[in-house]
Amino acid sequence: MLADTATMHTFVDAARFIGNHTGLLATKTLEQLALSGAALGIALAIALPLGVVLGHFHRGSTIAIAASIVGRGLPSLVLIAAFLTVLGIGFVNNMVALAVLGSGPLLTNSYDGVERVDRDAVEAARGMGMTGWQVLRSVELPLAIPLIFTGIRVAAVTIVATAPIAAIAGGGGLGDIIVNQASYRLSGVLGASICVMLLSALVFAGLAGVQIAMTPRGVRRTSVIGEPQRREL
Amino acid sequence: MSVIAAGPVIPTFGKGSSCVTGDHTFCWDWVRAHWGDTLGPALWQHVELTAIAVVIGFAIAFPLALLAHRYRRLEQPFGIFSALLYTVPSLALFQLLVPFTGLTWTTVEIALVSYTLVILFPNIVQGLESAPDDVIEAARGMGLTRLQVLTRVELPLAVPAIIGGLRIAVVSTVAIATIAAFLLPTGLGYPIFLALKEPTPFKTEIYSAGALAVALAIGCDGLLVVLRRVLVPWASKGLA
Amino acid sequence: MIRKHRSRAAKAAFAISLGVAIVIGLFAAVFARPAQSAGTKVVIGTKNFPEEFILGQLYKQALEAKGFSVGYKENIGSTELIQTSLTSGKINFYPEYTGVIVQDVFHHTSSGKTAHATWLLAKKLEAAKGYTVLNATPFFDTDVVAVTNATAKKYGLKSIADLKKVGSFKFGGFPECKTRNTCFIGYTKQYGITKATFTPLAGISAYAALDAGNILAADVFSTDPPLGKGSKYTVLADPKHVTGFQNVAPIVKASVATSLGSKFTSTVNAVSAKLTQNAIVAMNKAVIVDKQSAAKVASAFLKANGLK
């Protein structure tokens, strides 16, 4: 039952599939990135500013907490299915569903990031005569970058890794292969699964690298990875 | 190849209400009628899937965390491993396990346990380490053995973090378990998959199964908060 | 004072956690998957669409009513997947379509000349591999090609061959259709349609995709409720009978059928005999349109016909 020659054979087949179908996999990967990128873009445009503003004014902690709970407790499948019933099949419904998914950690983390900035630093800045906007830009945001970026990273990885499920609702991407075992055989499903894993890992590593590069030197800590905030796909 | 015999009796199967056949947004009558045969069993299976995963995950994470607490070297590699496991989409992980353990509950549970493990381990470790050093000093000074320090000081102080970890683990597992329905006809994801396949996706089934999944997650989360309040009444703050 | 609280809390924490863990553990153990019992058990599998769920439930409940021990694995997947389940021993019984056996499992390019001939051929082919094909149902369910009424009007489509008029278009169907003689391969080769791109539909229904305009034509099934009276869709004629004859006949592992004896085969055949076109269409409608559960519909049908 465990790793025997037949199983090993399946993985060899999967590797062969990847080799034989690089074009298909590349197209599907781009499709998935397009969908994920669009969803992340929407989430960034809405959730990030909202979180930052709320944090700056120290208001709306309930919204932030609610976003975190909703973000955690809402299964992606439910989200995708629900939006399918409202927005039909295709790109848009999945983009919206994934954007909602990514907004949870983004909102929570941007809020936390700005809200938790050391009050003394903010006071000092105000004392120096800075306006609220200047305080936000020069003091709060730089100090909040680690948390905000963690939020972006969690959101991005979550969206990219959840996208395969969107294939059920016409979302395309590598998920199209994973849910289509009948067409692509188990070797195809495994091959595409491995590709999705690599894609998520790359996004994760890439963003972690950017985060380390972007964090002001004085604020950098030894570990940027942090604990998993929430997890579900 | 038969049938000159009399044709069969075709009973009435109960016509769907106009709400159902007209595909209105939500049909309470369908929910009431099908609680027993569709939604109830699915909910039950979902609870089972989650409970087994969390219990086993905890049973593995707890001793591992005690070990890591004692021998600090284990933490860093585990942190990286868990961060990487986090990037694996659950659907892909399920499929990758299939060649090994087939289309069974075992496959699903291995994946679910892995996810709970990577959530619980760091949280328990963090909880154990949250005991302030001077408190531990004081305890050792009073003559407590290492084990006593553990059971009387560190563990009680770790309870909020442990419960925090359990909350995240339970909520995440409930959500991932919906995907398990792709492999096995079980859990609350199954009615949703079936409803999506209909010529017109059946809204009520999707919404009701979805609502149950969300309610289950939030309900368990609430229960654990209550548990924390019972166990450690002094630790009432914390977003966890 | 504080020490007393802490140690009490610690004990309470331990006790409660242990207790909860034990309770949940017992819970899980009690409801854990029961081990396979000794003795021949019929393990029924079904494919991944409602008609198969209904058939599976019908056979399952009828056999259980006669005292057989039955396992049930619903929604395994399409032909190719369920065949793997059968040959690897995970299931030993499932309802299959006679034409599918001949043309898709054994890759003949066409079925027999009549429904009966197809059944006999299927029986012979499977017997050589150690599987018994039991009696066929009166009803048949073939693949058909459907377009929306609007599309049919726009291009003047009456039969599958007319699709040549459309130029390049997207053809949707369940994934395996792409490689099947009774499906996409049959349609394109036999009718000379060169410009169709195949779009596999995994999660959503072909009808939903047709309505959304994602595809122009789709492979669907003749007993589907949306094709009933007053349908929004036009079924294109298939004069070359590419889709074959498709009555349902259960495939059973020969050794299982022999060891369970004539009571087993007669129970199954009795159910099959009652499944006329009207019966299956009514049951499909109940499940797909009226959203009843397949299990309940099967149960009602069996009871009404004295099979349960």
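Predicted model: local features only at pLDDT ≥ 70, side-chain atom pairs only at ≥ 80, totals over all residues.

Colleague: Where in chain A is A:His56 found?

Modeller: A:His56 belongs to helix H2 of chain A, which covers residues 22-56.

Colleague: Is A:His56 buried or exposed?

Modeller: The general idea is that a residue counts as buried when its relative accessible area is under 20%. A:His56 has 9% relative accessibility, so this residue counts as buried.

Colleague: Which residues is A:His56 in contact with, leaving aside its neighbours within four places in sequence?

Modeller: They are A:Val114, A:Arg126, A:Gly132, A:Leu136 and A:Glu140. With A:Glu140 there is also a polar contact between the side chains, at 2.4 Å.

Colleague: Now the interface, please. How many residues of chain A and chain B are in contact?

Modeller: On chain A there are 47, and they are in contact with 42 on chain B. About 3900 Å² is buried between chain A and chain B, and carbon and sulfur atoms give 77% of that area.

Colleague: Which elements of chain A give two or more residues to the side that touches chain B?

Modeller: Those are helices H1 (5-20), H3 (61-73), H4 (76-87), H7 (132-166) and H9 (181-214) of chain A. H9(A) gives the largest share, 11 residues.

Colleague: What does that side have by class?

Modeller: The side of chain A that touches chain B has 31 nonpolar, nine polar and seven charged residues. Between chain A and chain B, the count of salt bridges is zero, while one residue pair is in polar contact, with both residues at pLDDT 80 or more.

Notes:
Residues numbered from 1 in each chain as written. Chains lettered and ligands numbered in written order. Heavy atoms only, no water. Helix = DSSP H or I, 4+ residues; strand = E, 2+ residues; numbered from the N terminus. Buried < 20%, exposed > 50% of the residue type's maximum accessible area, 1.4 Å probe, protein only. Polar contact = N/O pair within 3.5 Å; in protein donor to acceptor, adjacent residues only side chain to side chain. Contact = heavy atoms within 4.5 Å. Buried area = accessible area lost by both parts, 1.4 Å probe. Salt bridge = Lys/Arg side-chain N within 4 Å of Asp/Glu carboxyl O. Nonpolar A, V, L, I, M, F, W, Y, C, P; charged D, E, K, R; others polar.
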